[in-house]
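Hello,

Here is the structure I promised to pass on. My notes follow below it.

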Amino acid sequence: MSLLKKKNILITAGSTRGYLDAVRYITNTSTGRLGSEIALEAMGRGAVVTYIYGAGSLFPVIRDRNDIMASQLKLIEIETNNDLINVLQKKLKNRRFDAVIHAMAVADYVPARAKQSKMSSKKEEWLVKLVKTPKVINIIRITWPEAFLVGFKLEVNRTKDEIIKIARRFLTKSKANLIVANDYKYISRNRHIAYMVTGDRKISKPLKGKKAIAKKIISYLEKIL
């Protein structure tokens with residue numbers, strides 16, 4: 001029997017956009033590949049997944065998976081931080097989720113104002129003011145206080161000890177149950193090293209590869225849920 005059968009899991013993945021004008025935006029390098037692997041692993045073990053992904057990001061493809069039914073996957077595409085927050089607070093607010101895996105790389109800063117038209121390319125200089133955005137993981141925790149919450153923390157050029165220390169602080173601050181900590185220098189299309197950080201003081205062995213990370217996260221959920 002699939003241990004996650006009929007468990008409802010919300011997964012966010014990919015990147016968000018902050019528009020500068022009608023056709024230009026800033027974003028980040030997140031592709032949604034890891035989130036997609038996590039979703040496939042969860043559905044393969046019986047879970048029903050609601051998958052929110054940024055425009056242009058990857059999403060799970062199940063047409064060649066005989067072990068996954070179409071009814072197990074609901075896809076929701078968003079573009080901006082505000083789109084994401086609106087989906088969480090309005091469209092999904094009354095849905096119950098056993099777990100939320102917030103893997104989306106939400107923009108921490110976006111343009112303060114977007115021009116409704118296209119900025120002329122004749123200008124020699126374009127100064128843009130960026131403003132800080134709300135922490136979506138906090139909104140998730142308030143909306144689903146009983147759900148098992150998995151967050152992600154990305155750092156750049158940190159040592160293992162530094163990454164673990166930062167992840168533990170984030171675990172407490174976000175009230176998450178599990179943080180997956182990464183360093184950007186170890187992430188590429190075919191490479192990914194991460195650490196799972198929980199409330200105990202154990203330091204996890206490094207997880208290598210997106211599929212291995214996905215399997216470990218979902219195996220951990222099976223034990224908890």
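**Notes on the model**

N157 is exposed, with a relative accessibility of 56% (exposed means over 50% relative accessible area, buried under 20%, partly exposed in between, with a 1.4 Å probe and protein chains only). The model is predicted: local features need pLDDT of at least 70, side-chain atom pairs count only at pLDDT 80 or more, and totals for chains, interfaces and linings use all residues. Residues are numbered from 1 along each chain as its sequence is written, and side-chain values use heavy atoms, with hydrogens and water left out.

**Positive phi**

N157 is not a glycine, yet its phi is positive, about 55°. N157 sits in the loop between β9 (148-155) and α4 (160-174). Helices (H or I, at least four residues) and strands (E, at least two) are DSSP runs, numbered from the N terminus.

K6 is another non-glycine residue with positive phi, near 70°. K6 lies in the segment before β1 (8-13). K6 is exposed too, at 67% relative accessible area. K175 follows α4 and also has a positive phi, near 60°.

**The sheet**

Eight strands make an open sheet with mixed pairing. The order is β5-β4-β1-β6-β9-β10-β11-β12. The edges are β5 (73-78) and β12 (207-208), each pairing on one side only. Two strands pair if DSSP finds at least two bridges between them.

How many bridges join β10 to β11? Five, and the two strands run antiparallel. β10 covers residues 178-187 and β11 covers residues 192-197. A181 stands opposite Y195 in β11.

**Helix α4**

α4 has 15 residues. From first C-alpha to last it reaches 21 Å, close to the 21 Å expected at 1.5 Å a residue. The expected span is 1.5 Å times one less than the number of residues.

α4 lies across β9, β10 and β11, at about 145° to β10. Axes are lines fitted to C-alpha atoms, for helices over the stretch in contact, and angles run from 0 to 180 degrees between N-to-C directions. The buried residues of α4 include I163, I164, I166 and A167. R168, F170, L171 and S174 are buried as well. Their cover includes α3, β9, β10 and β11.

**Helix α3 and its neighbours**

In α3 (residues 136-143), the buried residues are V136, I137, I139, I140 and R141. Among the elements that cover them are α2, β6 (99-102), β9 and α4.

The axes of α2 (residues 81-91) and α3 come within 10 Å and cross at roughly 5°. That makes the two helices roughly parallel (under 35 degrees; over 145 is roughly antiparallel, 65 to 115 roughly perpendicular, the rest oblique). L84, I85, L88 and Q89 of α2 make the contact with V136, I139, I140 and T143 of α3. Contact means heavy atoms within 4.5 Å. Six of these residues are nonpolar, two polar and none charged. Ala, Val, Leu, Ile, Met, Phe, Trp, Tyr, Cys and Pro count as nonpolar, Asp, Glu, Lys and Arg as charged, and the others, Gly among them, as polar.

How do α3 and α4 meet? Their axes come within 10 Å and cross at roughly 45°. The pair is therefore oblique. I137, N138 and R141 of α3 touch F170, K173 and S174 of α4. This contact divides into two nonpolar, two polar and two charged residues.

Best regards
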